[in-house]
Amino acid sequence: MSDERRLAAGYAKHVFFCTNQRADGRRSCGGCGAGEAFEHARRQLAGLRAQGVRVDASGCLGQCEHGPVLVIYPESRWFGYRDVAEAETILRRHVLDVD
Ligand code: FES
């Protein structure tokens, strides 16, 4: 018998916003508006009552030069965005399948 445990979470989409903020002045998503975009996305999805979609903040995703960045699973689609509006457009197109 396996010790493996499976969780019942089963999100249809899981979005991670890097919100890492560096204190040493190097470029980081948190220094480029990622926190605002993350909070906006959470409000947007809650308002739409998106079922099976979860949005989380993450630490550095290793794509700092393209930041701020987000990634959508299970497709593993990566995006850089310039501002809140562009992040919203990405979510509408690639998470909610609306334009
Ligand atoms: S700080 Fe966001 S990917 Fe590194």
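Predicted model: local features only at pLDDT ≥ 70, side-chain atom pairs only at ≥ 80, totals over all residues.
Which handedness does the β-α-β unit made by β1, α1 and β2 have?

Residues are numbered from 1 along each chain as its sequence is written.

Okay, the overview. The protein has two helices and four strands. Those are DSSP runs, numbered from the N terminus: helices are H or I with at least four residues, strands are E with at least two. The C-alpha trace spans about 50 × 35 × 20 Å along its principal axes.

Now the sheet. The four strands make an open sheet, ordered β2-β1-β3-β4, with mixed pairing. By pairing I mean that DSSP finds at least two bridges between two strands. At the edges sit β2, residues 53–58, and β4, residues 77–80, each pairing on one side only. On average, neighbouring strands here are turned by 20° against each other, direction ignored. For angles like that, axes are lines fitted to C-alpha atoms, for helices over the stretch in contact, and angles run from 0 to 180 degrees between N-to-C directions.

Let's walk across it. β1 and β2 are parallel, with six bridges, and one example is F17, whose bridge partner in β2 is A57. Then β1 and β3 run antiparallel over four bridges; there, F16 has V71 of β3 as its partner. Finally, β3, residues 69–73, is joined to β4 by four bridges, again antiparallel, with V69 opposite G80.

Back to my opening question: β1, α1 and β2 form a right-handed unit. Right-handed means that, with the strands pointing away from the viewer, the path from the first strand over the helix to the second runs clockwise.

So where do the helices go? Helix α1, residues 34–47, lies across β1 and β2, at about 155° to β1. Helix α2, residues 84–94, lies across β1, β3 and β4, at about 10° to β3.

On to the inside. Of the 99 residues, 22% count as buried. Buried means 20 or more other C-beta atoms within 10 Å of the residue's own, exposed means 12 or fewer, and partly exposed is in between, with C-beta atoms placed from the backbone. The largest nonpolar core has 16 residues, and V15, F17 and L70 are among those with the most contacts inside it. Such a core is a set of buried Ala, Val, Leu, Ile, Met, Phe, Trp, Tyr and Cys residues joined through C-beta atoms within 7 Å. β1, α1, β3 and α2 each supply at least two residues of this core, and α1 gives the largest share, four. In soluble globular proteins, nonpolar side chains tend to be buried together.

Take a look at L70. Leaving aside neighbours within four places in sequence, L70 is in contact with V15, F16, F17, F79, Y81, A87 and I90. Contact here means C-beta atoms, placed from the backbone, within 7 Å.

One last stop: T89, in helix α2. T89 counts as partly exposed because it has 14 C-beta neighbours inside 10 Å. Its C-alpha atom is 30 Å from that of A23, 66 residues away along the chain.

Conventions
Contact = placed C-beta atoms within 7 Å.
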